[in-house]
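Dear colleague,

Please find below the structure that I am handing over to you, together with its sequence. My findings follow directly after it.

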Amino acid sequence: MSTPAPIAGLQVRREGEVLHLSGALDRAAACAAWPSLQPLLAGARVIDIAAVTRLDSAGLALLAEAMVRAGTGGDAPRLAGAPEGLADLRAAYRLDADLG
């Protein structure tokens, strides 16, 4: 499988039911990556963010929406990994572990 080029510093790839995100997930990356990320969400059971190096509120918003859209076909997906800052952002926005 070829590795797609990063989008504004964010690498996105799908392996089976796992959607992997790596690199910076900030405002620039969230805006640039959203169009190409949307078709990868259907059927994703896990969104792996263990390799995310930077996360801001725009990145959190992208993740929350991705979790909702990936779960529209039935079971809610699972978020794997906890990059630095995730717990603080979840607390600030009063989101649970599934970003709901």
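Strand 1 and strand 2 pair in the antiparallel sense, over 6 bridges; two strands count as paired if DSSP finds at least two bridges between them. Helices (H or I, at least four residues) and strands (E, at least two) are DSSP runs, numbered from the N terminus. Val12 has Leu21 in strand 2 as its bridge partner. The hairpin of these strands has 2 residues between them, and Gly16 takes a positive phi near 60 degrees there.

The model is a predicted one, in which local features need pLDDT of at least 70 and side-chain atom pairs count only at pLDDT 80 or more, while totals for chains, interfaces and linings use all residues. Residues are numbered from 1 along each chain as its sequence is written, and side-chain values use heavy atoms, with hydrogens and water left out.

Strand 3 (residues 46-55) pairs with strand 4 in the parallel sense over 3 bridges, and Val46 has Arg78 in strand 4 as its bridge partner.

Two helices lie across these strands. Axes are lines fitted to C-alpha atoms, for helices over the stretch in contact (heavy atoms within 4.5 Å), and angles run from 0 to 180 degrees between N-to-C directions.

Two glycines may also be of interest to you. Gly71, in the loop between helix 2 and strand 4, is buried (under 20% relative accessible area, 1.4 Å probe, protein chains only), with a value of 18%. Leaving aside neighbours within four places in sequence, Gly71 is in contact with Ala76 and Pro77. Gly100, in the segment after helix 3 (86-92), is exposed (over 50%), with a relative accessible area of 62%. Gly100 and Val68 are 32 residues apart in sequence and 8.2 Å apart in space, C-alpha to C-alpha.

Yours sincerely
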